[in-house]
Amino acid sequence: MIDAARSLKQASRWKPWEPVLWLLAFAAPVLLPTHAALINEIAIVGLFAVSLDLVLGYSGIVSLGHAAFFGLGAYTAALFAKHVMPDPLVGLAVAIVASLVLGLVASLTIQRGSDLTRLMVTLGVALILLELANKLDWLTGGADGLQGVVMGPVLGTFEFDLSGRTAAYYSLAVLLLFFIFARRFVHSPFGATLKAIRDNRLRAMAIGIPVTSRLTVVYTIAAGLAGAAGALLAQTTGFASLDVFEFHRSADVMLILVVGGTGWLYGGVAGAIVFKLMQDALSSITPQYWTFWLGLFLVVLVLVGRERLFKPWTWFGKGRS
Amino acid sequence: MLTILFDGIAYGMLLFILAVGLAVTMGLMNFINLAHGAFAMVGGYTTVLLMQKAGVPFLACLPIAFLVSALLGAVLERTLYRPLYRKPHLDQVLFSIGLTFMAVAAVDYFVGSTQQIVQLPEWLKGRTEIGSGAWTLGMGHYRLFIIGVCAALTLALQYILASTRFGSRLRASVDDQRVAAGLGINVNIVFLSTFAFGSGLAGLGGALGAEVLGLDPTFPLKFMIYFLIVVAVGGTSSITGPLLAALLLGVADVAGKYYIPKMGAFIVYSLMIVILIWRPQGLYVRQGGKS
């Protein structure tokens, strides 16, 4: 009995390599000061991917509209900083609350239907928000984006500088915080019921798991995390544009998650690192056509199979497409 | 007002031709193919390039566009799509998004990112007006042509599906693949030809729609959502469902953009979400078949 309890707990224990990884992540802005902006982006996209992982990897809801929450968080944070108060942490909290509310409302739409229905509905929500941001130009600046956002210093002491080091540390800290939260969340009994729902919804229902309310909660929480990621982007770049709602954001984050592995929280982070480095490298070679290589990568990834590639970065080293 | 209705119907018919291939393949193989728009784009670009570079007349371009897209569809089905039929939906979505990205970037590279213009022949350029006042019906000749072609195609499709031997094989395969295969129907061939035909129709739709919808390399991404709406709302059981959905979408889109331009796209997306919450499987649900 005690053995069983121990083996069950094994999965949620902190592995020895995990603190090392995070220490490395926090050392990165110092070690690579010229790439602080890239590290910042990786942290943001990583948080976004972790958020999608809660929905896709742990609950099995295929979503092509996760950018809705990301974008809402970005715009909320930017507008809040511009019109109310420039403090980043308060702005982050406000953005998260706004995304949580939207997530709660949107969770009504993902309860029923097949994968196709869910794809369409999530995509539709993101597109409606894109249209809103485009048409409410007195508020959001329309297609020009929301400019003139000036952020205050983090915790009143750390100014955002041009080199992006503050931004990188800020994003990494928020990522770590929410990562630990997500880790606790998926290893809790609640997380176990989510996996049961993902694996067999009918059986989960039969053993008394309230499927609807569980999905509502996880979708809402994931929306909050995505909103936090969006807020980080808007705050560290001082800018929010329609781009945050675009379809390619949702598609990219899905790709990131699949590259890194679904149903594994580090998958989002690992995928974010691979994806951002790849994007950085490819777009410096062919700025206009890098989506071609991205597409080719996707096709090969699916055709060969992620499992057979085993670990994408080892395969990646051998020969890039 | 009638003009708007007319334009909406023309637009809807066009969407139907573009999306019907997707509806059939999705119903048949349960494959979420987001790359369907790429085939339409191929058709559109075939027409534009043939007309500009080789001076082929517009009407001759249409069947060529159909054939080129169908051939491409057949080749891709055999080589890339077939291994994915049994994979989870997530893989299919990623795969077809990847194909779409590749198609967009490739067209951008070879043809350029500018909007392409189709030179219509003279006899399709005019416009006829009937009636007066609020009930004026202005019919662009080209839109009339689109409606004619699409209606003929729809009837032909309905005939093929309902009355021919191939149609009954196709319906049998849709309902239950294994039993159909057990009865001696070569399901692979049915799949291949249906996929090719659907792609060809998309190519034809792309060629017809190049003038109305606009043609540039982002075409597959821009209209992907519309095709998917048609299929998701219409259901995949028959061609009546997608037809109805396409007409509804066409009229709602044109009317929305005309009357409340600020809210244009909301109407379409909100309508879709409401319909899908109300009937998650689409307006027409397949009866009896294996899901």
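This report covers the chain interface, selected helices, ring contacts, salt bridges and a few individual residues of a predicted model.

## Interface between chains A and B

Chain B touches chain A through 41 of its residues, and 38 residues of chain A take part. The size of an interface is often given as the accessible area lost when the parts come together. For chain B and chain A, that buried area is about 3600 Å². Carbon and sulfur atoms give 82% of this area.

How many salt bridges does the rule find across the interface of chain B and chain A? It finds zero.

## Two enclosed helices in chain A

Helix α6 of chain A runs over residues 115–135 and has 21 residues. From first C-alpha to last, α6(A) reaches 30 Å, close to the 30 Å expected at 1.5 Å a residue. Of its 21 residues, 17 are buried, so α6(A) is largely enclosed by the rest of the structure.

Helix α12 of chain A covers residues 247–260, with 14 residues. Its C-alpha span is 20 Å, close to the 20 Å expected at 1.5 Å a residue. Here 13 of the 14 residues are buried, so α12(A) too is largely enclosed by the rest of the structure. Just after α12(A) comes A:Gly261, with a positive phi of about 110°.

## Aromatic pairs

Over all chains, the search of the whole structure finds 24 aromatic pairs. A pair of aromatic rings is described by the distance of the centres and the angle of the planes. For B:Tyr81 and B:Phe95, the ring centres are 5.4 Å apart and the planes stand at 90°, so the pair is edge-to-face. The pair links distant parts of the chain. B:Tyr81 belongs to helix α3 of chain B (residues 58–81), B:Phe95 to helix α4 of chain B (residues 89–110), and the two are 14 residues apart.

## Charges over rings

In chain A, A:Arg183 lies over the face of A:Trp14, at 4.1 Å from the ring centre. In chain B, the charged end of B:Arg279 sits over the ring of B:Trp278, 5.7 Å from its centre.

## Salt bridges

Eight salt bridges turn up over all chains in a search of the whole structure. One of them joins the side chains of A:Glu41 and A:Lys276, at 2.9 Å from N to O. A:Glu41 lies in helix α3 of chain A (residues 36–56) and A:Lys276 in helix α13 of chain A (residues 265–285), so the pair ties together parts that are 235 residues apart in sequence. A:Glu41 is partly exposed, with a relative accessible area of 32%. A:Lys276 counts as buried, at 10% relative accessibility.

A:Asp243 forms a salt bridge with A:Arg249, and their closest N and O atoms are 2.9 Å apart. A:Asp243 is partly exposed at 30% relative accessible area, while A:Arg249 is buried at 19%. In chain B, B:Asp7 and B:Arg143 form a salt bridge with closest N and O atoms 3.6 Å apart. B:Asp7 lies in helix α1 of chain B (residues 2–29) and B:Arg143 in helix α5 of chain B (residues 141–163), so this pair ties together parts that are 136 residues apart in sequence. Both are partly exposed: B:Asp7 has a relative accessible area of 21%, and B:Arg143 has 27%.

## Individual residues in their surroundings

A:Lys82 lies in helix α4 of chain A (residues 67–83). A:Lys82 is partly exposed, with a relative accessible area of 38%. Beyond its neighbours within four places in sequence, A:Lys82 is in contact with A:Leu146, A:Gln147 and A:Gly148. A:Lys82 and A:Gly238 are 156 residues apart in sequence, yet their C-alpha atoms are 9.7 Å apart.

A:Ala234 sits in helix α11 of chain A (residues 211–237) and is buried at 1% relative accessible area. Leaving aside neighbours within four places in sequence, A:Ala234 is in contact with A:Ala74, A:Ala77, A:Ala78 and A:Phe239. In chain B, B:Thr100 lies in helix α4 and counts as buried, at 1% relative accessibility. With neighbours within four places in sequence set aside, B:Thr100 is in contact with B:Leu34, B:Ala35, B:Pro220 and B:Leu221.

Methods: Residues numbered from 1 in each chain as written. Chains lettered and ligands numbered in written order. Predicted model: local features only at pLDDT ≥ 70, side-chain atom pairs only at ≥ 80, totals over all residues. Heavy atoms only, no water. Helix = DSSP H or I, 4+ residues; strand = E, 2+ residues; numbered from the N terminus. Expected span 1.5 Å × (residues − 1). Buried < 20%, exposed > 50% of the residue type's maximum accessible area, 1.4 Å probe, protein only. Phe/Tyr/Trp six-rings, centres within 6.5 Å; stacked < 30°, edge-to-face > 60°. Lys NZ or Arg CZ within 6 Å of the ring centre and 35° of its normal. Contact = heavy atoms within 4.5 Å. Buried area = accessible area lost by both parts, 1.4 Å probe. Salt bridge = Lys/Arg side-chain N within 4 Å of Asp/Glu carboxyl O.
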